[in-house]
Amino acid sequence: MRNAAVGIERIKKVLLQDKTGAQEDVIAVLRSDLYDVLDSYFEVDPQSLRAEVAVDSFGGYEVKISARAFRVRKVGHTG
Amino acid sequence: MGRCIVVTSGKGGVGKSTITATLGVALAEAGAKVALVDADVGLNNLDLVLGVESAVAYDVSDVEKGRCRLTEALVVHPFIENLSLLSSRALASGVSQRAFAAVISALRRGFDYILIDCPAGIDEGFHRAVSCADEALIVTTPVPASVRDADKVSDLLSAYRLRRVEVIVNRVRGDLVLKGEVLGVGDVGSVLRLPVVGSVPEDDEVLRSATVGKITDRESRHYRAICLIASHIMLGTSSLYDCTAKYRGILGLFRKRAR
């Protein structure tokens, strides 16, 4: 691999680390909010809730959310 | 009202002051009335780059304190009459954000372009300079450390109401780009996801000129590359200087081997 290609990969990697590192506070708040929302519909295993943010090749953010629930809550119908 | 463009970089030593000075010269020689403002308060060098250090009597803090009028603090270049410099020798704490903004506002009324030479780093001085600007030029070199800092600056600039944020890639070694040994201008632009409006070659002429305090030779590759940036600013053109051209063809083969 040529030096230029190595350099590009290095920069992309470090920028990704910089950007996702800066999001850690946001992710903690996001996880908390997600848990509150999901908990209205499912009995969520709190340890299983994952929220990951990565930077894609276009400079946007890719947000991956996953969670495991023990059971579905009964949601009341109105009207 | 003049356009105010901040020239910033994040990382120091990428050639920001030299680019600011030469760009000011190129705009002025194209007929525009240009004010260069050294916002690197306390670590100013723009006067030295322009070779007018002995003519600086007052600076931006003198204007703030009322010790002189703005017109008295402006140093008119001895050979380019529509190019002026406002220096800054005071300590960083000596110039308030409000006073700096007032000075820029006054300059807008008398000049077509105000180029602010922003201090390196992302501290108070950076914000003082950027908050007065309409547009920003981020100067970087094709090395990872300076591209990384340029990216951080780009993120910070998104918090300001700037009409344009564009990139100048300085110190491009065309011979090494052709060999694939260093990043090309396009690589830098794609990583930063910002438009590149300047590609400026590494040029020994810059070092020679800086040593004796004279403006870069007008025939130099550095100056010709900067003229294309000036054309972009004034006319909206989008030509980039080809830093690799010198190293292509039969003659280029010899030049590559000679380096």
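Tutor: Start with the angle classes: under 35 degrees counts as roughly parallel, over 145 as roughly antiparallel, 65 to 115 as roughly perpendicular, and the rest as oblique. The model is predicted, so local features need pLDDT of at least 70 and side-chain atom pairs pLDDT 80 or more, while totals for chains, interfaces and linings use all residues. Residues are numbered from 1 along each chain as its sequence is written, and chains are lettered from A and ligands numbered from 1 in the order in which they are written.

Now chain B. Its secondary structure comes to 12 helices and eight strands (DSSP runs numbered from the N terminus: helices are H or I with at least four residues, strands E with at least two). The radius of gyration of chain B, taken over C-alpha atoms, is 18 Å. The globule rule (2.2 Å times the number of residues to the power 0.38) also gives 18 Å for 259 residues, so chain B is as compact as a globular protein of that length. Its C-alpha atoms fill a box of roughly 60 × 40 × 30 Å along the principal axes. Of its 259 residues, 51% count as buried (20 or more other C-beta atoms within 10 Å of a residue's own; 12 or fewer is exposed, in between partly exposed; C-beta atoms are placed from the backbone).

The crossing is right-handed (the near helix is turned clockwise from the far one by less than a right angle; anticlockwise is left-handed). From α1(B), the contact takes B:Ile19, B:Thr22, B:Leu23, B:Ala26 and B:Leu27 (contact: C-beta atoms, placed from the backbone, within 7 Å). From α11(B), the residues include B:Tyr223, B:Ile226, B:Ile229 and B:Ile233. By class, this contact has 11 nonpolar, two polar and no charged residues (nonpolar: Ala, Val, Leu, Ile, Met, Phe, Trp, Tyr, Cys and Pro; charged: Asp, Glu, Lys and Arg; polar: the others, Gly among them).

Next, α7(B), residues 144-157, meets α9(B), residues 185-192. Here the axes come within 10 Å and cross at roughly 40°. This pair is therefore oblique. Its crossing is right-handed. B:Val147, B:Ala150, B:Asp151 and B:Ser154 of α7(B) meet B:Val188, B:Val191 and B:Leu192 of α9(B). That gives five nonpolar, one polar and one charged residues.

B:Arg193 is partly exposed, with 13 other C-beta atoms within 10 Å. B:Arg171, in strand β7 (residues 164-172) of chain B, also is not a glycine and has a positive phi of about 60°. With 21 C-beta neighbours inside 10 Å, B:Arg171 counts as buried.

Back to the whole chain. Residues 24 or more positions apart account for 74% of the contacts in chain B with a separation of 6 or more. Chain B also meets its partner: 11 residues of chain A are in contact with 12 residues of chain B. The chain A side has five nonpolar, three polar and three charged residues.

Methods
Two residues are in contact if their C-beta atoms, placed from the backbone, lie within 7 Å. Axes are lines fitted to C-alpha atoms, for helices over the stretch in contact, and angles run from 0 to 180 degrees between N-to-C directions.
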